[in-house]
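Biologist: I've got the sequence and the model open side by side. Could you walk me through what to look at?

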Protein chains: 2
Amino acid sequence: MRNRIKELRKEKHYPQAQLAKLVGVTRQTIIAIENDKYDPSLSLAFNLARILNVRVDELFIQEEEYHD
Amino acid sequence: MRNRIKELRKEKHYPQAQLAKLVGVTRQTIIAIENDKYDPSLSLAFNLARILNVRVDELFIQEEEYHD
DNA sequence: ATAAAAAGTAAAATATGTTTTACTTTTTAT
DNA sequence: ATAAAAAGTAAAACATATTTTACTTTTTAT
C-alpha cells in the first residue's frame with residue numbers, strides 16, 4: 001500500500017511533528033508510514049485523511065488487492 | 001468505529017464464510033469485525049469495501065475522532 | 001559556514017489484529 | 001420437528017502497529 005501523506009503534508013507546510021500531534025500519534029509513527037514501513041491502523045488512516053482534507057481512498061493506494 | 005459490513009453483506013446474500021473467502025481472511029475475523037470486537041487493518045478495510053461495492057469511508061463510520 | 005529545525009535509523013516494549021481449533025447457539029428450509 | 005447451514009464464543013499462538021528512547025543525517029535560514 002502506497003500513500004500520499006508526505007506530499008499532502010508538505011502542501012500544508014506541516015513538519016512531521018505537527019502532523020503527528022494533530023492526529024494523536026508519535027513522530028516515529030508518521031515517519032514509518034510515510035516511508036512505507038507499515039500501514040496505519042484504520043482509525044489513524046481516517047484521522048490522517050481528515051487532517052489532510054482528502055478521503056481515505058484518495059490518501060492510500062492499494063496496489064495488491066486480494067483475489068480469491 | 002462502527003461499520004456497515006453485516007448490512008451490506010446481507011444485501012448481497014453472502015454468508016460470513018463466503019465474504020471471508022472473498023477478502024482473504026478467516027470467518028473469525030469477519031465475525032469479530034462485524035460485532036465490533038476490533039477494527040480491521042487498512043488493507044482488509046479496502047478489500048471489504050471493494051467486495052461490498054462501496055468506498056472505505058462509506059463502509060466505516062469514525063465516531064471518536066482525535067482532536068488535539 | 002554555522003546553528004537550529006526537520007527528517008531518519010534502530011531496537012526493545014507494549015498494544016492491537018488475525019489465525020487456528022474446537023465447541024455452542026441460532027436461523028433457515030424441508 | 002428435524003437436519004443442515006449459518007452465526008457466535010473462547011482462548012492460545014502468531015503477526016503487525018505504535019510508543020519510547022536515544023542517537024545520526026539532512027535541510028533550512030541566517
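Biologist: Let's begin at the DNA: how many nonpolar, polar and charged residues does the surface near DNA strand D have?

Modeller: Some ground rules first: this is a predicted model, where local features need pLDDT of at least 70, side-chain atom pairs count only at pLDDT 80 or more, and totals for chains, interfaces and linings use all residues. Residues are numbered from 1 along each chain as its sequence is written, while chains are lettered from A and ligands numbered from 1 in the order in which they are written. A residue is near a strand if its C-beta atom, placed from the backbone, lies within 6 Å of it; for classes, Ala, Val, Leu, Ile, Met, Phe, Trp, Tyr, Cys and Pro are nonpolar, Asp, Glu, Lys and Arg are charged, and the others, Gly among them, are polar. On that basis, the surface near DNA strand D has seven nonpolar, eight polar and two charged residues.

Biologist: And which elements give two or more residues to that surface near DNA strand D?

Modeller: There are 17 residues around DNA strand D, and the closest are Val25(A), Thr29(A), Tyr38(A), Ser41(A) and Pro15(B). Elements here are DSSP runs numbered from the N terminus: helices (H or I, at least four residues) and strands (E, at least two). The ones giving two or more residues are H3 of chain A together with H3 of chain B.

Biologist: Which helix gives the largest share of the side of chain B that touches chain A?

Modeller: Contact means that two residues have C-beta atoms, placed from the backbone, within 7 Å, and 22 residues of chain B are in contact with 22 residues of chain A. Helix H2 (16–23), helix H4 (42–51) and helix H5 (56–59) of chain B each give two or more residues to that side. The copies meet through the same surface, because 100% of the interface residues of chain B are also interface residues in chain A. The largest share, six residues, comes from H4(B).

Biologist: Which residues touch the most other members of the largest nonpolar core?

Modeller: A nonpolar core is a set of buried Ala, Val, Leu, Ile, Met, Phe, Trp, Tyr and Cys residues joined through C-beta atoms within 7 Å. A residue is buried if 20 or more other C-beta atoms lie within 10 Å of its own, exposed if 12 or fewer, and partly exposed in between, with C-beta atoms placed from the backbone. Of the 30 residues in this core, the ones touching the most other members are Ala45(A), Leu48(A), Ala45(B) and Leu48(B).

Biologist: Is Ile51(A) buried or exposed?

Modeller: Ile51(A) sits in helix H4 of chain A. Leaving aside neighbours within four places in sequence, Ile51(A) is in contact with Leu19(A), Leu22(A) and Val23(A). With 21 C-beta neighbours inside 10 Å, Ile51(A) counts as buried.

Biologist: Where is His13(B), which has a positive phi of about 55°?

Modeller: Most residues other than glycine have a negative phi, yet His13(B) has a positive one although it is not a glycine. His13(B) is exposed, with 7 other C-beta atoms within 10 Å. Its place is in the loop between helix H1 (5–11) and H2 of chain B.

Biologist: And where is Asp36(B) found?

Modeller: Asp36(B) also has a positive phi, near 55°. Asp36(B) is exposed, with 10 other C-beta atoms within 10 Å. Asp36(B) is found in the loop between H3 and H4 of chain B.
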